[in-house]
Amino acid sequence: MQTIGITVLAISSITGLLALLLSIANKTIANYGEKKITINKDKELLVDGGDTLLSALMEQKVFIPSACGGKGSCGYCKVTVIEGGGQFLPTEMGYVTPEEKAEGVRLSCQLKVREDIQIQIPEELLSVQQFDYHVEFLKDVTPAIKHLRLSLPEDEVIDFKAGQYIQLLAPKYKGNDEEVYRAYSIASSPLDEKAVELYIGYVKDGVATTYVHNYLKEGQKITVVGPYGDFYYQEGDREMVMVAIGTGMAPIMSILKYMHSKKIDRKVTFYFGARTREDLFEMETLEALQKDMPNLRVITCLSKPTESCNWDGEQGRVTDMLKKFLENAEDKEAYLCGSPVMIDSVIPLLMEKGMPEERIYYDKFE
Amino acid sequence: MIEISPWIIFFASIFTNNMILANFLGMCSFIAVSGEIRTSLSLGQAVTFVLAATNVLNYFIYHYMLVPLGLEYLRFIVFIVVIAAFVQLVEMIIERYFETLYYSLGIFLPLITVNCAILGVSLFMIIRDYNLIQSFAFGVGSGLGWTLAIVAMAGIRNRLKGAKIPKGLEGPGITLIITGIMALAFLGFSGIVQIQ
């Protein structure tokens with residue numbers, strides 16, 4: 001009995017002593033006091049020194065994308081450090097290219113805030129937040145496209161502009177052993193601030209799309225980061241030309257719904273292209289919007305209609321439709337959304353028709 | 001107490017009783033970090049420093065605390081805790097006050113908190129009943145021996161970069177085979193000095 005007592009006492013006192021020593025060291029040696037982080041030469045944050053830059057920024061609600069949670073294994077959390085931050089670390093070597101290194105790019109999860117630091121991050125990241133949504137519904141709108149509605153917990157709202165996108169965190173699942181972020185445009189109106197709707201097309205071997213199509217179920221939780229993007233509705237009264245193919249309809253839908261609820265009565269022509277009739281979706285929603293918005297015109301075209309499509313509408317690609325229907329382009333502004341191929345062929349066409357380049361807004365789905 | 005000159009222990013722990021090549025201890029960081037000569041040299045320095053220091057520290061704790069209390073059987077847990085706490089403390093100090101040292105050595109310290117070579121050396125010291133000076137020589141020698149092995153391995157692996165290695169043997173596989181061959185080569189030293 002006595003031996004047990006002595007053993008416990010000895011072990012406790014040794015570990016206790018060491019713990020005491022380490023806590024004192026943590027409060028004195030590892031305490032760097034308050035340090036200042038200056039973001040984009042403008043915003044100044046006071047943080048406790050000694051933490052990594054990533055967690056210091058997170059504590060101040062500045063959300064830098066990070067998939068691995070600061071382990072230094074995803075390489076997403078890059079920031080440009082202008083001043084401070086110490087030397088480049090070997091742990092950053094695998095993720096920062098020599099060119100980036102020369103510009104001062106660092107992994108924010110590796111460098112520690114031990115002095116005042118000046119950093120440069122994209123302006124849009126300052127309004128980015130992380131949300132824990134749950135899947136309200138998830139349904140097929142075409143064989144390859146799923147329509148998701150994600151809703152927020154009671155006391156949270158998301159503030160975004162019509163046309164912007166969020167990033168969805170695809171977790172690990174069977175066949176995928178790393179977490180990844182993938183970007184999807186929001187299809188719901190920004191006035192509906194309790195939820196976001198997304199259209200997610202299936203991509204063969206796509207990590208996030210496979211997750212959404214095969215593993216995600218209604219009621220499940222999902223992590224979303226955002227909003228991002230400089231593609232959004234521009235105030236004004238110019239006539240609008242909107243062009244989208246496939247899931248590119250999402251941000252356009254968001255803009256249209258926004259205009260609908262705000263009763264904005266601008267003239268809009270929406271060119272929507274798909275391959276076959278099977279690939280068309282949300283046509284009823286568009287029709288319903290059209291009823292309330294007399295100035296909205298929707299031109300739907302199929303590029304490869306088959307016999308079974310029974311299609312008597314327009315045939316061809318969106319570029320053909322623009323050639324056919326678009327007039328007085330010089331007074332209008334354009335919103336393009338979809339594959340890079342589509343956008344790269346539509347922009348020169350619009351410019352040829354006289355539309356100034358600065359009035360062409362686009363979002364390429366890579 | 002056994003009568004061996006600390007110098008003999010020092011040289012023996014580098015060449016004939018090398019931690020990696022004779023005892024195969026501390027293999028995890030040896031395999032993982034032996035890709036480049038510079039980083040392995042830094043890691044080797046860190047290991048040597050921690051080995052020398054914790055060995056002396058554990059010597060005092062064992063002989064002046066555990067033995068008088070009759071708690072020798074607690075040495076495993078006590079040594080591990082002491083090593084971990086010591087490494088963490090040293091890391092904090094280096095990070096704060098020795099910036100250049102931190103960048104060359106400090107970031108490797110967490111890697112060796114649980115390096116089995118370090119616990120191994122502390123335990124051998126007890127088993128072989130070394131005195132303080134012998135323990136210190138043993139710690140420093142083992143550290144240098146470990147450094148020698150990992151730097152040599154990094155050199156060999158650098159040479160192997162262009163070599164065609166069967167797919168299944170790439171990385172750790174070929175490293176283990178090379179370690180085995182290196183161990184055989186070091187066996188050639190065994191006639192020079194010997195400790196047990």
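What pLDDT does chain B average, and what share of the residues score at least 70?

View 1. Chain B averages a pLDDT of 88. In chain B, 96% of the residues score at least 70. Among the elements of the chain, helix H5(B), residues 99–104, has the lowest mean pLDDT, at 75. Helix H7(B) has the highest, at 94. Where pLDDT is low, predicted coordinates should not be read in detail. For the complex, the predictor gives an ipTM of 0.77 and a pTM of 0.60.

**View 2. The fold of chain B, helix by helix.** The secondary structure comes to 8 helices and 0 strands. Along the sequence, the pattern reads α-α-α-α-α-α-α-α. Chain B has 196 residues, and buried residues make up 47% of them.

**View 3. A nonpolar patch on the surface, built from residues of chain B.** Which residues form the patch? They are Phe60(B), Tyr64(B), Leu132(B) and Ile133(B). Together they have about 420 Å² of accessible area. Two elements give two or more residues each: helix H3 (37–69) and helix H7 (132–159) of chain B. Phe60(B) has its place in helix H3 of chain B. Is Phe60(B) buried or partly exposed? Its relative accessibility is 36%, so Phe60(B) counts as partly exposed. The reasoning rests on the cut-offs: buried means under 20%, exposed means over 50%, and partly exposed lies in between.

View 4. Asn131(B) lies in the loop between helix H6 (116–127) and helix H7 of chain B. Asn131(B) has a relative accessible area of 25%, so Asn131(B) is partly exposed.

**View 5. A patch of negative charge on the surface, with residues of chains A and B.** Chain A gives Asp42(A), Glu44(A), Glu83(A), Glu115(A), Asp116(A) and Glu123(A). Chain B gives Glu99(B). Where is Asp116(A) found? Asp116(A) sits in the loop between strand S4 (105–107) and strand S5 (117–120) of chain A. With 43% relative accessibility, Asp116(A) counts as partly exposed. That value falls between the 20% and 50% cut-offs, which is why neither buried nor exposed applies to Asp116(A).

How values were computed: Residues are numbered from 1 along each chain as its sequence is written. Chains are lettered from A and ligands numbered from 1 in the order in which they are written. This is a predicted model: local features need pLDDT of at least 70, side-chain atom pairs count only at pLDDT 80 or more; totals for chains, interfaces and linings use all residues. Side-chain values use heavy atoms; hydrogens and water are left out. Patches are made of residues with over 30% relative accessible area and no salt bridge: like charges are joined within 9 Å, nonpolar side chains (Val, Leu, Ile, Met, Phe, Trp, Tyr) within 5 Å. Accessible areas come from the Shrake-Rupley method with a 1.4 Å probe; for residues, only the protein chains shown count as cover. A salt bridge is a side-chain nitrogen of Lys or Arg within 4 Å of a carboxyl oxygen of Asp or Glu. Lys and Arg count as positive and Asp and Glu as negative; His and the chain ends are not counted. The place of a charge is taken as NZ of Lys, CZ of Arg, CG of Asp or CD of Glu. Helices (H or I, at least four residues) and strands (E, at least two) are DSSP runs, numbered from the N terminus. Buried means under 20% relative accessible area, exposed over 50%, partly exposed in between (1.4 Å probe, protein chains only). pLDDT is the predictor's confidence in each residue, from 0 to 100.
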